[in-house]
Amino acid sequence: MKFFVLLAGYGALTPWDAMSEEEQQQLFAKHADFPGVCAANGVEIVSGEALEGGSSATTMRTSAAGDVTLTDGPFAEAAEQIGGFYVLEAPNLDVVVEVCKALPPYDLELRPVMDVPDEP
Amino acid sequence: MTAETVATVWRDEWGRLLALLVRQFRRLDLAEDSLAEAFVRASGRWPADGVPSNPPAWLLATARRVALDRIKHEGVVARKLPLLAVDIDVPDTDRSVPEAGESTELDDERLRLLFLCCHPALAPASQAALSLRLVLGIETREIARLFLVPDTTMAARITRAKRKIATSAIPFGLPEATQWPARVEGIVRTVYLAFTAAYTPARGEELLRTELAGETIRLGVVLDAVVPRDPAVISLLALMLLQHSRRDARVAEGRLVELAAQDRSAWHHDEITRALGLLADVPESSGYAEELRLQALIASRHAVATTAAATDWPAIADLYARLERITGSPVVRLNRSVAVAEADGPDAGLALLAGLEDALPTGHRLASVRAELQRRTGNLAAAADSYRTAISRCENAVELEHLTRQLAALPLSPGDRSGRSGHPSVGGPPVGPPTLGSG
């Protein structure tokens, strides 16, 4: 089944801007190695993207009356740090946890993708 | 007679049979409903047909038929059958069910269920509730009673946990070998959480839920059966048995009786002996296992004292010191101060309490221990202040009554009794496992 892996926060990791070049290279390297780790564990990367920083985000809200409001910035303070995501196809949660240990030590949210049956 | 047989089989076999069904069908609700239906049919058929020669096998076969019928009914056969067919290690042709204690394969099934219920992706409270429900077959309303929540709250908690297992693909298998120690520790913590809930004082007729505590011990026994010779598991079992052995002495006239005042002839000494035997074989280790072993050793020191006066307080103080070194816990420091006060006098105990307010800013226990020790030094005004602080911090009605009585019993002069304004808040930790004070 599919899992949405959200790179939700820095956790113990130094924020990107405060990293030395060497630390940034290490971070890139972990992401570059990630497909290999997944393959070795029977996990498929369905998709994965890095996101632009939280300051580039726009939040769109719709009121009960149907009025749409746009505001500058991410949905919540905590969402400032969201840096990217993967969608992984994996047999179960434990395997997802295992492969994600190979990523830099972000705070991650692991959420299953809803399995909507194809048949009517 | 047959009704009793069904009840006995339910108690003894529920967990094992459920574990087998969960393994086969990978669906908790389906397994539970099918097994429950099988027991309903047993209640209907066995009085007429006689109890079968192998009741668990009868129940398992019946439950499997019910489950398969339901799957067909749900119309997902076309999708699920390929899964069942390729799962070659599922014993779906196995029609026999070995006797309890015989087959390690069956014990493994309950272990899988325990690992499932205690998966770290579930909240600890949910782990405990789910384990009691699925591994022991305890009714939801009994579990609600254990944790002092309404039935509907507990039902919702269990439903949410099962849904989380279903939707978030928490696996049904045994964890990887490398994960085993951490996962077993998780189960041990969960079982102890459930056990201590039984000794959280409540209001009304049911001050403590001692027979439910016995059920959580049964969970510990199951754990010991499926993960043999594990130091943390054995220490946990010994600790629970020792604390539980005092159950009939804990309450008198609708009130909690402190350890020092308990009628020790009412303690269950056969259970104490059993616990001491278990504890004797546990080697010194480290981490959580060692914490439990030290806690059990402390409990054993109390258990072997024929009277309160005969308690080996220096030994207990030393054990608490070792426990504090491992854990760095302010709660342990608090308990240690009581032991040190008994061994070396109240001033020595009070000295250990200095500076604990920062580490224990909420709860009433720090203030109430301080009050008692101040009372013993004769500093009654300070004791009264500390009791007032404790009372202002206490959230448990039973303990609040106790503290109020303690304050009222202080032999104060009228000036002291009126009191000064309270100290800055000092408090203790939330009510934890029974300790020296509460017994």
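**Notebook: rings, salt bridges and a chain contact**

I began with the aromatic rings and found B:Trp10, B:Trp14 and B:Phe39 linked into a cluster by ring pairs. For pairing I took rings of Phe, Tyr and Trp (its six-membered ring) with centres within 6.5 Å; planes under 30 degrees apart are stacked, over 60 edge-to-face, and the rest tilted.

A note on the ground rules: this is a predicted model, where local features need pLDDT of at least 70 and side-chain atom pairs count only at pLDDT 80 or more, while totals for chains, interfaces and linings use all residues. Residues are numbered from 1 along each chain as its sequence is written, chains are lettered from A in the order in which they are written, and side-chain values use heavy atoms, leaving out hydrogens and water.

**Entry: aromatic pairs**

B:Trp10 and B:Trp14 are stacked, because their ring centres lie 4.5 Å apart with the planes at 20°. Both sit in helix H1 (residues 2–25) of chain B, four residues apart, which means about one helical turn between them; helices here are DSSP runs of H or I with at least four residues, strands are E runs of at least two, and both are numbered from the N terminus. Buried or partly exposed, I asked of B:Trp14? B:Trp14 is buried at 1% relative accessibility, while B:Trp10 is partly exposed at 22%. My cut-offs are under 20% relative accessible area for buried, over 50% for exposed and partly exposed in between (1.4 Å probe, protein chains only).

Next I looked up B:Phe115 and B:Trp180, an edge-to-face pair with centres 5.0 Å apart and planes at 70°. B:Phe115 belongs to helix H5 (residues 104–117) of chain B and B:Trp180 to helix H9 (residues 180–198) of chain B, so this pair ties together parts 65 residues apart in sequence. B:Phe115 is buried at 1% relative accessibility, and B:Trp180 is partly exposed at 27%.

**Entry: salt bridges**

I counted 30 salt bridges over all chains (a side-chain nitrogen of Lys or Arg within 4 Å of a carboxyl oxygen of Asp or Glu). In one of them, B:Asp29 meets B:Lys162 with the closest N and O atoms 3.2 Å apart. That pair links helix H2 (residues 28–49) of chain B to helix H8 (residues 151–167) of chain B, 133 residues apart. B:Asp29 is partly exposed at 39%, whereas B:Lys162 is buried at 14%.

I also noted B:Arg336 with B:Glu324, at 2.6 Å from N to O. B:Arg336 is in helix H15 (residues 330–344) of chain B and B:Glu324 in helix H14 (residues 313–327) of chain B, so the bridge ties parts 12 residues apart in sequence. Both B:Arg336 and B:Glu324 are buried. Elsewhere, salt bridges with shared partners join B:Arg27, B:Asp33, B:Arg70 and B:Glu74 into one network.

**Entry: chain A against chain B**

How many residues does each chain bring to the contact? I get 12 from chain A and 10 from chain B, where contact means heavy atoms within 4.5 Å. About 700 Å² is buried between the chains, with carbon and sulfur atoms giving 54%; this is the accessible area (1.4 Å probe) that two parts lose on being put together, summed over both. The rule finds one salt bridge across this interface: A:Asp94 and B:Arg183, at 3.7 Å from N to O. Helix H2 (residues 93–100) of chain A gives the most to the chain A side, with three residues.
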